[in-house]
Amino acid sequence: MRNIFRIVFLLIVCSFALAPVFASPTNYTYNYDFWFEQVASPDAYRVGAYILGTSLDIDHFRDPQGLYIRDNRIYVCDSGNNRIIKIEVNKNGEHSVVRIVNSVMINGVSSAFNYPMDIFENRDGNLYIADTNNQRLLILDNNWNFIHEILKPVDESLGDLTEFIPVKVIVDFANRVFIQARNINKGLMEFDNRWEFSGYMGANKVHVNPIDYVWKLLSTQAQKERMDLFIPTEYSNVAMDKDGFIYVTNSSGQTAPVRRLNAMGQDILIRNGYEDPVGDLVVGNAGGISGRSRFIDAVAFDNDSYACFDRTRGRIFMYDFQGNLLYAFGGVGNREGSFLQPVALDRMGESLYALDSRAGALTRFDLTGYGAMINEALDEYKAGRYESSALVWEEVLKMNGNYDLAYIGIGRAALRQSEFQKAMKYYKLKHYREGYGKAFQLYRKQWMEENLWWILLIIGLAIFLPILIRFSIKTVKEILEA
């Protein structure tokens with residue numbers, strides 16, 4: 001009998017040992033429902049690599065500020081060490097340093113970088129480096145040979161006291177250069193393809209409280225001097241999508257935290273979600289952290305979804321092309337997938353790379369099956385395959401029954417297929433009033449068109465049947481009296 005118990009015990013232990021191991025979540029991933037309550041969800045991204053200077057067999061990163069990715073090449077602006085590190089990723093996802101640059105030869109003289117904060121590679125392979133404390137923008141070829149440098153332009157709008165301190169840079173398809181410079185609040189500084197200054201683009205709008213404005217009108221000159229000025233705020237970062245539109249972020253908390261600018265500097269970001277893309281909808285005061293989300297960077301994907309990096313709580317917010325929050329993850333701390341001081345965000349394919357200046361680390365987040373399914377549903381919808389999109393959203397619901405956007409996605413696909421009652425059903429489940437109203441309007445129109453002859457028949461009978469009855473009664477009565 002004792003031997004039987006031993007055999008059973010060994011079988012149980014072996015069954016646990018051979019059972020599949022399910023990875024625990026590496027981040028707290030969540031979304032918001034209609035009532036602005038946080039709802040936990042499966043991980044859409046998980047940490048795939050945590051990259052330090054020492055893991056690349058070089059010195060520690062020191063206060064890195066800039067990150068740029070093109071194809072399999074990663075550029076890190078290791079600002080505190082006055083150098084730029086070029087990293088390549090092989091097919092196995094392994095990272096290796098291929099070049100470290102800390103100076104450039106100009107007219108035969110070596111000129112060292114001084115706190116470079118950003119780098120951009122254009123379509124020709126030329127490199128644009130914001131050499132911040134040297135107050136210049138360097139333009140190099142793909143072998144890091146000097147081509148040109150942009151210094152402070154001669155312009156009345158800058159004034160004699162304003163320094164030219166380039167912080168972030170992008171270059172569009174026409175080789176126009178856009179620079180975000182410190183202490184410049186008129187928008188991005190724009191230079192043409194001959195590197196001549198042509199003006200400013202896309203300044204932040206100034207939002208004025210009417211009470212403050214009236215109070216300022218009634219104040220004395222001394223009081224006015226002590227008041228805050230009604231001036232635009234500076235951008236915190238700048239990025240470009242596949243179509244050449246410019247994403248800018250603003251971490252001041254005083255205006256839209258993310259905008260998408262066209263060539264005229266107009267904001268064309270679509271905001272059709274429950275709330276605008278502003279990060280956390282409900283904020284508290286925990287762990288010494290308070291206040292609203294402040295976006296420090298953004299990156300766009302090929303399906304027009306985009307991710308925003310929150311400096312306040314170290315979270316990454318992913319939005320679709322309509323401005324709906326897909327999910328959020330990350331946090332502040334020393335644990336895997338969290339950050340001490342977020343500064344930059346970029347992507348390689350579907351993977352996200354996030355730069356932490358205080359930790360001196362680069363974190364790679366890889367897409368999970370759940371996240372890939374959400375992307376597939378969005379891609380199918382954008383491609384016009386609405387039925388396929390609805391089927392994928394139904395699979396998403398099997399993984400996360402609390403995912404509001406899946407219900408809305410099914411309703412949106414049904415609306416495109418003229419299945420208005422189905423759309424109304426799914427919109428109603430998640431209190432999506434705008435979508436429900438549109439579906440109901442179209443359903444009412446469809447019902448009227450399909451039943452118009454019945455309506456006309458009933459109206460006709462209501463009008464002519466009493467006349468016919470009276471005529472018949474009168475005729476029968478006359479016959480009987482005759």
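Colleague: Why does Leu367 count as partly exposed?

Modeller: Its relative accessibility is 24%. Buried means under 20% relative accessible area, exposed means over 50%, and partly exposed lies in between, with a 1.4 Å probe and protein chains only. Leu367 therefore counts as partly exposed. This is a predicted model, where local features need pLDDT of at least 70, side-chain atom pairs count only at pLDDT 80 or more, and totals for chains, interfaces and linings use all residues. Residues are numbered from 1 along each chain as its sequence is written, and side-chain values use heavy atoms, with hydrogens and water left out.

Colleague: What is the place of Leu367?

Modeller: Leu367 is in strand 27, residues 361-367. Strands (E, at least two residues) and helices (H or I, at least four) are DSSP runs, numbered from the N terminus. The chain has 9 helices and 27 strands.

Colleague: Which residues is Leu367 in contact with, leaving aside neighbours within four places in sequence?

Modeller: Contact means heavy atoms within 4.5 Å. Leu367 has such contacts with Ala44, Tyr45, Tyr327, Glu350, Ala372 and Asn375. Take Arg46 too: Leu367 and Arg46 are 321 residues apart in sequence, yet 6.6 Å apart in space, C-alpha to C-alpha.

Colleague: What makes a set of residues a nonpolar core?

Modeller: The members are buried Ala, Val, Leu, Ile, Met, Phe, Trp, Tyr and Cys residues, joined through side-chain atoms within 4.5 Å. The largest such core here has 43 residues, and Leu352, Trp393 and Tyr403 touch the most other members. Helix 6 (residues 404-416) gives the largest share, 7 residues. A second, separate core has 41 residues, including Phe113, Trp144, Val238 and Val248.

Colleague: Which residues does Tyr403 touch, not counting those up to four places away in sequence?

Modeller: Tyr403 touches Asn31, Leu326, Tyr327, Tyr370, Ile374, Trp393, Val396 and Leu397.

Colleague: What makes a space a pocket?

Modeller: Take a 1 Å grid over the protein atoms alone. A pocket is an open set of points where a 1.4 Å probe fits, with protein on both sides within 12 Å along at least five of seven lines. Lining residues have an atom within 4 Å of a point. The largest pocket has 38 of them, and Tyr68, Ile69, Phe120, Met240 and Asp346 lie nearest its centre. Strand 4 (66-70) and strand 25 (342-348) are among the elements that give two or more residues to this lining.
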